[in-house]
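Hi everyone, thanks for coming. Please have a look at the chain on the screen, and then I'll walk you through it.

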Amino acid sequence: MAGASKNSRTSVATQKFTCPCGGEIEMKTFFNNGKLKNQAVCNKCNRTERRPKDFK
C-alpha cells in the first residue's frame, strides 16, 4: 500500500503577472551588498517593485 509522496502530488504551475499598463512582469535576481535579491520588473514601462502583487 505505497502511496505517492506529498511532494510528487503537487502540480507545477507558472503564473503570468501583468502590469496595469499592459506589460508582462518578470522576476529578476541580482546581488546587492553580497545578498541575493529578487525584483519584479515590467517589460513595457520598466517599473520596478519588490514583488508582482505590488503592481496593483
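Let me start with a question: how far is the sulfur of C42 from the closest cysteine sulfur, and which residue holds that one? The closest cysteine sulfur is in C45, 3.5 Å away, and that is too far for a bond. A disulfide here means a pair of cysteine sulfur atoms within 2.5 Å. In general terms, a disulfide is a covalent bond between the sulfur atoms of two cysteines. A search of the whole structure finds 0 of them. C19 is in no disulfide either, and its nearest cysteine sulfur, in C21, lies 3.6 Å away.

Before going on, a word about the source. This is a predicted model, where local features need pLDDT of at least 70 and side-chain atom pairs count only at pLDDT 80 or more, while totals for chains, interfaces and linings use all residues. Residues are numbered from 1 along each chain as its sequence is written, and side-chain values use heavy atoms, with hydrogens and water left out.

Now the overall layout. There are 1 helix and 3 strands, in the order α-β-β-β along the sequence. Helices (H or I, at least four residues) and strands (E, at least two) are DSSP runs, numbered from the N terminus.

The strands form an open sheet, ordered β1-β2-β3 with antiparallel pairing. At its edges are β1 (25-32) and β3 (48-49), each pairing on one side only. Two strands pair if DSSP finds at least two bridges between them. Strand β2, residues 35-42, is joined to β3 by 2 bridges, and V41 has T48 in β3 as its bridge partner.

What about the inside? Of the 56 residues, 14% count as buried, meaning under 20% relative accessible area with a 1.4 Å probe, protein chains only. C42 is buried at 0%, and C19 at 7%.

Which residues make up the largest nonpolar core? They are C19, I25, A40, C42 and F55. Such a core is a set of buried Ala, Val, Leu, Ile, Met, Phe, Trp, Tyr and Cys residues joined through side-chain atoms within 4.5 Å.

Take I25 from that core. Leaving aside residues up to four places away in sequence, I25 touches F17, T18, C19, A40, V41, C42, P52 and F55, where contact means heavy atoms within 4.5 Å.

Key: Buried means under 20% relative accessible area, exposed over 50%, partly exposed in between (1.4 Å probe, protein chains only).
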